Amino acid sequence: MEDKNYINPLNVARRTIALEAGAIEGLVSLLTQDFTRICDTILAAKGRLIVSGIGKSAVIAQKIVATLNSTGTPAVYLHAAEAIHGDLGMILQHDVVMIISKSGESPEIKVLTQLVKNFGNPVIGMVGNVDSYLAKQSDFVLNSTVSQEACPNNLAPTSSTTAQMVLGDALAVALMELRGFKSEDFAKFHPGGALGKKLYLRVADLYIHNEQPKVTAGASLKEVIVEISKKRLGATAVVTESGDLLGVITDGDLRRMLEKNSSLNEVQAQQIMTHHPKTIEADALAIDAMELMRKNNISQLLVVQRKQYLGIIHLHDLIKEGLI
């Protein structure tokens, strides 16, 4: 017999997502020319964007600040309660202040808003109640009103905090595009992470730490095997006397050759090498090397400069750097 009191968590999850998706979609119609004015004010400011809030809005403020800083807009997080108990000194003369609040009526928010206005700093109110104290006292308003929280009691900040975060992302992306912020700029702010490495790490940074296995076209089978074993990269380049690349011999090439040949004494490198091997230029991005390996289902690439053989970049090099 079916339990009428049973709550299906899958249905709850679907309802929650649908409610929050609807809240986000509703933001489009709430945007006004204030959004453009906000962007212009922040871009023209000689200072930073201070973002403040209390409760769950404070958590959203921290996330927005992190996104802004990583996309070229200097920003600082300021907790509203801490601000009115000594941290107001963080706000400098040329800063713009954005205060986030669902109700716009919290005691700390009211006090902070008035103090900032007394300082003369521009105030942006991201608020879910356009008739609130915060909205009326702000120079610019970002309307984050939602019709319903995803919480079944319509109490816990869910849809409203999602709306705040999306508005923050919209602001960050708009400022990013207005500044002409490029992938190279993004890499400057993320030098230690995988995202940054994808944008700045080059093949030349990696292959130079590896051995440089190579043999000439006339090298014997023994010389080929010794070179591959000694250099431990699973392959060796075949080059001319002047160092130009002719081909490559991999472990797989050796196994296939051994299956087909009964006489091995006269075998030379040029007879078993793969002509026109996959190569990559030394100044190419490491992420491009990874894509080339994936596309061709191989684990190493020969690094060249024009026709000159320089070395090998291996799949393990990319794994070590966290690109895979």
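A pocket is an open set of grid points with protein on both sides within 12 Å along at least five of seven lines, and its lining residues have an atom within 4 Å of a point. In this predicted model, the largest pocket is lined by 19 residues. Val248, Thr250, Ile298, Ser299 and Gln300 lie nearest the centre of that pocket. The space in the largest pocket amounts to about 310 Å³.

Three elements each supply at least two residues of this lining: strand S8 (245–250), helix H12 (251–260) and strand S11 (300–305). The largest share, 5 residues, comes from H12. By class, the lining of the largest pocket is made up of 8 polar, 6 nonpolar and 5 charged residues.

Strand S8, one of the elements that supply the lining, also belongs to an open sheet of 4 strands, in which the order is S6-S7-S8-S9 and the pairing is mixed. The edges of this sheet are taken by S6 and strand S9 (274–275); each has a single partner strand, so one side of each is left without a neighbour in the sheet.

Within this sheet, strand S7 (residues 235–239) is mostly covered, with 5 of its 5 residues buried. Ala235, Ala237 and Val239 point one way from S7, while Thr236 and Val238 point the other way, and all are buried. Strand S6 (residues 214–216) runs parallel to S7 and is joined to it by 3 bridges. Lys214 has Ala237 as its bridge partner in S7. Together with helix H11 (residues 221–231), S6 and S7 make a right-handed β-α-β unit.

The pairing of S7 with S8 is antiparallel and extends over 5 bridges. Ala235 is partnered in S8 by Thr250, a residue listed among those nearest the centre of the largest pocket. Val238 has Gly247 as its bridge partner in S8. S7 and S8 form a hairpin with 5 residues between them, and in the turn Gly243 has a positive phi of about 95 degrees.

The C-alpha atoms of Tyr309 and Gly243 are 6.0 Å apart in space, although the two residues are 66 residues apart in sequence. Tyr309 is placed in strand S12. Because buried means under 20% relative accessible area, Tyr309, at 5% relative accessibility, counts as buried.

Strand S12 (residues 308–314) also holds His314. This residue has 10% relative accessibility and therefore counts as buried. A polar atom of the side chain of His314 lies 3.1 Å from the backbone nitrogen of His316. Across the strand, 5 of the 7 residues of S12 are buried, and S12 is mostly covered.

S12 pairs with S11 in the antiparallel sense over 6 bridges. In this pairing, Leu301 stands opposite Ile313 in S12. The hairpin of S11 and S12 has 2 residues between the strands, and Arg306 takes a positive phi near 60 degrees in this hairpin. S11 in turn leads back to the largest pocket, as one of the elements that each supply at least two residues of its lining.

Notes. Residues are numbered from 1 along each chain as its sequence is written. This is a predicted model: local features need pLDDT of at least 70, side-chain atom pairs count only at pLDDT 80 or more; totals for chains, interfaces and linings use all residues. Side-chain values use heavy atoms; hydrogens and water are left out. On a 1 Å grid over the protein atoms alone, a cavity is a set of points where a 1.4 Å probe fits but cannot get out, and a pocket is an open set with protein on both sides within 12 Å along at least five of seven lines; lining residues have an atom within 4 Å of a point. Grid points are joined across faces, edges and corners, and a volume is the space filled by probe spheres set on the points. Ala, Val, Leu, Ile, Met, Phe, Trp, Tyr, Cys and Pro count as nonpolar, Asp, Glu, Lys and Arg as charged, and the others, Gly among them, as polar. Buried means under 20% relative accessible area, exposed over 50%, partly exposed in between (1.4 Å probe, protein chains only). Two strands pair if DSSP finds at least two bridges between them. A crossover is right-handed if, with the strands pointing away from the viewer, the path from the first strand over the helix to the second runs clockwise. A polar contact is a pair of N or O atoms within 3.5 Å; within protein, one must be able to donate a hydrogen and the other to accept it, and residues adjacent in sequence count only if both atoms are side-chain atoms.
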